[in-house]
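Colleague: I have a model open and would like to learn how to read it. Please take me through the packing, one feature at a time.

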Amino acid sequence: SEEEVSKILKSCNQYKVPIVPYGGATSIEGHTLAPKGGVCIDMSLMKRVKALHVEDMDVVVEPGIGWQELNEQLEQYGLFFPLDPGPGATIGGMCATRCSGSLAVRYGTMRDNVISLKVVLPNGDVVKTASRARKSSAGYDLTRLIIGSEGTLGVITEVTLRLQKIPQHSVVAVCNFPTVKDAADVAIATMMSGIQVSRVELLDEVLIRALNMANGKNLKEVPTLMFEFIGTEAYAREQTQIVQEIASKHNGSDFVFAEEAEAKKELWKIRKEALWACYAMAPGHEAMSTDVCVPLSHLGELISRSKKELDASPLLCAVVAHAGDGNFHTCIMFDPDNEEQRKEAERLNNLMVHSALSMDGTCTGEHGVGTGKMKYLEKEHGIEALQTMKKIKKALDPNDIMNPAKLIPPHVCY
């Protein structure tokens, strides 16, 4: 309960014992590591839906509920929560890492879909960051301060989420391309056309091969774009036709679309299983999952530059991108017992991050900082911004008990 969390934090703060909040444990940048030991607070049993306001299209939940479980409960009301990160992610962790997913191109990221939070601060105080009003100009935006703070400022105990109506109709389209640059250019052109796509996913030929092997499919092993269009039946079909014309001008081929529920579900199921398909293709290997994001106009250049290095590497490397908002990931498979392979994976990751930063992008589009991305933050933000973050951290957590040694590089002082 919230009361228990408050008591734990108050006691730990008194004795200066580190605290690591724990949710679905799907994060991949070392967010739940405990380099200074301490107490781990598992929030998974706080998973109630506390209040659903159908007419206001919002819901109040505890942080331990998973987004998939929440959507199962909302479906009967014709509503859904539109963020779709990895399976198993919980709402509290999604807030903490400021996550998003494939639907972010239409609905925004976690910061756009959280109305209010209740947070227990390190001294045990419980703070409500906002009301349920859809907009407010009343004071500092504490909600956005906590979202993305990765458990370094307090423990989230309640979340008020903005909901959306389940679309009346949707169409899923798939198109093949000779190169990832062609595919990225179509994604950019689609966004520039003003079409309200709900998803634009880019999969390279290596990932398609992995999906074929893992699922017994026979998809053409070339760079591929997957789109989803929503709205009325007529509007969704009109969008599909416009994008087909755009694709044809950029060497697109084999443009097919699905409207039947099972066919659409199967296509997105395959996409969601991309990481596991890579594991199946490289038994005994670990995956280093990269996460860079750039302004949309630079996506084609970044993916092309990265693909040259990835294809030249001895490691198995597969690319998947949320191409509508400039975010892409690489699954770099390496043998954890082979130091040379580990160094090569780190080299490729480092290369992509620095390429993204040189294009005014970010080292992490949606996975968060944790411990893995701290070394890039000074180049991305500058020392003054990091010093400001450190001052906020010091003001709220003077004893540095909340998820210490995360997010802010240790050398930053003020």
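**Reading the packing**

Modeller: Start with helix α8 (residues 205-215), whose buried residues are Glu205, Val206, Leu207, Ile208, Ala210, Leu211 and Asn212. Buried means under 20% relative accessible area, exposed means over 50%, and partly exposed lies in between (1.4 Å probe, protein chains only). Helices (H or I, at least four residues) and strands (E, at least two) are DSSP runs, numbered from the N terminus. This is a predicted model: local features need pLDDT of at least 70, side-chain atom pairs count only at pLDDT 80 or more, and totals for chains, interfaces and linings use all residues. Residues are numbered from 1 along each chain as its sequence is written, and side-chain values use heavy atoms, leaving out hydrogens and water.

Colleague: What covers the buried residues of α8?

Modeller: The cover includes strands β11 (197-203), β12 (224-231) and β16 (316-322), and helices α10 (261-272), α11 (274-281) and α12 (299-312). Contact means heavy atoms within 4.5 Å. Just after α8, Gly216 takes a positive phi of about 65°.

Colleague: Which residues other than glycine have a positive phi?

Modeller: Lys16 is one of them, with phi near 55°. Lys16 sits in the loop between α1 (2-15) and β1 (19-22). Its relative accessible area is 54%, so Lys16 is exposed. Asp254 also has a positive phi, near 55°. Asp254 belongs to strand β13 (residues 253-258). At 43% relative accessibility, Asp254 is partly exposed.

Colleague: How do I read a nonpolar core?

Modeller: In soluble globular proteins, nonpolar side chains tend to be buried together. A nonpolar core here is a set of buried Ala, Val, Leu, Ile, Met, Phe, Trp, Tyr and Cys residues joined through side-chain atoms within 4.5 Å. The largest has 53 residues; Leu202, Leu225, Phe227, Phe229, Phe328 and Ile332 touch the most other members. Helix α13 (residues 339-358) gives this core its largest share, 6 residues. Apart from this core lies another, of 26 residues, among them Ile65, Phe81, Ala89 and Leu121.

Colleague: What does Leu202 touch, beyond four places in sequence?

Modeller: The partners of Leu202 include Val180, Ala183, Thr224, Leu225, Ile303 and Val319.

Colleague: How are two packed helices described?

Modeller: By the angle between their axes and the distance between the axes. Axes are lines fitted to C-alpha atoms, for helices over the stretch in contact, and angles run from 0 to 180 degrees between N-to-C directions. Angles under 35 degrees count as roughly parallel, over 145 as roughly antiparallel, 65 to 115 as roughly perpendicular and the rest as oblique. The axes of α7 (residues 180-192) and α9 (residues 233-248) come within 9 Å and cross at roughly 140°. The pair is therefore oblique. Val186, Ala189 and Thr190 of α7 meet Val243, Ile246 and Ala247 of α9.

Colleague: At what angle do α12 and α13 pack?

Modeller: At about 160°, with axes 10 Å apart. So α12 and α13 are roughly antiparallel. Among the contact residues are Leu302 and Arg305 in α12, and Arg347 and Leu348 in α13.

Colleague: Is Pro409 buried or exposed?

Modeller: Pro409 is buried, with a relative accessible area of 5%. Pro409 lies in the segment after α15 (383-396). Leaving aside neighbours within four places in sequence, Pro409 contacts Met374, Leu377 and Leu386.
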